[in-house]
Amino acid sequence: MEYTSGDSSWARAFRRLGSAMLPRRHRKHGFAWSVLTPVVLAAAGMLFSLTAATAQGTDLREDRRPELTNLISERKQEIAAGRDRAGRLRAAIDAQQQQQAGADDRVDAQRRRGNDQQAAAGLTAVHGPGVVVVLDDAPRRPDGSRPAGATPDDLVVHQQDVQAVVNALWAGGAEAMTLMGVRVIATSAVRCVGNTLLLDGQVYSPPFEIAAIGDQARLQHSLDEAEGVRLFKEAADNFGLGYQVRVEADVQAGAYDGSTALRSARTGS
């Protein structure tokens, strides 16, 4: 080990202390930061000012759900007004056809032929004994939990569930049927968006009610035998979905008042 004299050691120590006390040189990018920082702060201040001026005391991130609700309500009113106008136009066409039928035998014959088919097409009101089926979503639990093994999709009524009931009732010999009070005919389409039902331009929320006129025993037997209905009943038992069948002495089925125009058709093979 090498030892040095005391004087030289103390001299080196004082030099190190003096260099430490001297101001250090700034790095090259220090000047850039000193210039950019005020610019960034000024830009941020301008943005805050513009935001405040645009908001004018309101919340720019305000919930848009009320606007969506109002838009849906307006569209429903427009659809209802369009249906009323279409009904008036159909009535005017019928009146003109009646007038023409009195002066033309061929028109009169075709009109009588069409009238004879109205009942089968669902264009006349009927009533009689039948059954009513009600499908409903599972109720929400107070704590927000779900039954064991259930997913959110397991707790709501789906399109295939409604279709399974409708098809089973037709298979059971239903003479007439309504879905949410709307007459179901050969061209009716059952569509669901989420857990809401779309039928003839109208949106319906559960519970969904399907009523059918016909032999009550046959209708109930057809429901019991349908695979899709059986699966829904199992889900109702496991997850709390609503499934109810009522036998009624007088089921009312109003005449279908929607459009009967066909966009496309194909003859049976």
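**Stop one: a helix with charged partners**

Glu227 and Arg230 sit 3 residues apart in helix H8, so about one helical turn separates them. Helices here are DSSP runs of H or I with at least four residues, strands are runs of E with at least two, and both are numbered from the N terminus. Select the two side chains and you will find that Glu227 and Arg230 meet in a salt bridge, at 2.4 Å from N to O. The term salt bridge stands for a side-chain nitrogen of Lys or Arg within 4 Å of a carboxyl oxygen of Asp or Glu.

Before going further, a word on the model. This is a predicted model, in which local features need pLDDT of at least 70 and side-chain atom pairs count only at pLDDT 80 or more, while totals for chains, interfaces and linings use all residues. Residues are numbered from 1 along each chain as its sequence is written, and side-chain values use heavy atoms, with hydrogens and water left out.

Arg230 is partly exposed at 34%, and Glu234 is partly exposed at 37%. In these terms, buried means under 20% relative accessible area, exposed means over 50%, and partly exposed lies in between, with a 1.4 Å probe and protein chains only.

**Stop two: the sheet beside the helix**

Color the strands next. An open sheet of 5 strands runs in the order E3-E2-E7-E1-E8, with antiparallel pairing. At its edges are strand E3 (182-183) and strand E8 (242-253), each of which pairs on one side only. Two strands count as paired if DSSP finds at least two bridges between them.

Helix H8 (residues 227-239) packs on this sheet, touching strand E1 (126-136) and E8, and its direction makes about 125° with that of E8. Contact here means heavy atoms within 4.5 Å. For the angle, axes are lines fitted to C-alpha atoms, for helices over the stretch in contact, and angles run from 0 to 180 degrees between N-to-C directions.

Zoom in on strand E2 (residues 176-179) and strand E7 (residues 208-213), which run antiparallel and are joined by 4 bridges. Which residue in E7 stands opposite Met177? Select Ala212 to see Met177's opposite number in E7.

Then pick Arg246 and Glu248, which form a salt bridge whose closest N and O atoms are 3.0 Å apart. Salt bridges that share partners bring Glu209, Arg246 and Glu248 into one network. In total, the structure holds 5 salt bridges.

Select E4, E5 and E6. They form an open sheet of 3 strands in the order E4-E5-E6, with antiparallel pairing. Strand E4 (191-193) and strand E6 (202-204) are the edge strands, each pairing on one side only. From one strand to the next, the twist averages 35°. Strand E5 (residues 196-199) pairs with E6 over 3 bridges in the antiparallel sense, and Leu199 stands opposite Gln202 in E6.

Follow the chain into the loop between E6 and E7, where you will find Pro207. The peptide bond from Pro206 to Pro207 is cis, with omega near 10°. Most residues other than glycine have a negative phi, and most peptide bonds are trans.

Next, go to the loop between E2 and E3 for Met180. Met180 is not a glycine, yet has a positive phi of about 55°.

Move to helix H3 (residues 65-101), where Leu71 lies. Leu71 counts as partly exposed because its relative accessibility is 38%.

Zoom out to finish. The protein chain has 8 helices and 8 strands, and buried residues make up 23% of its 269 residues. Among contacts between residues at least 6 apart in sequence, 75% join residues at least 24 apart.
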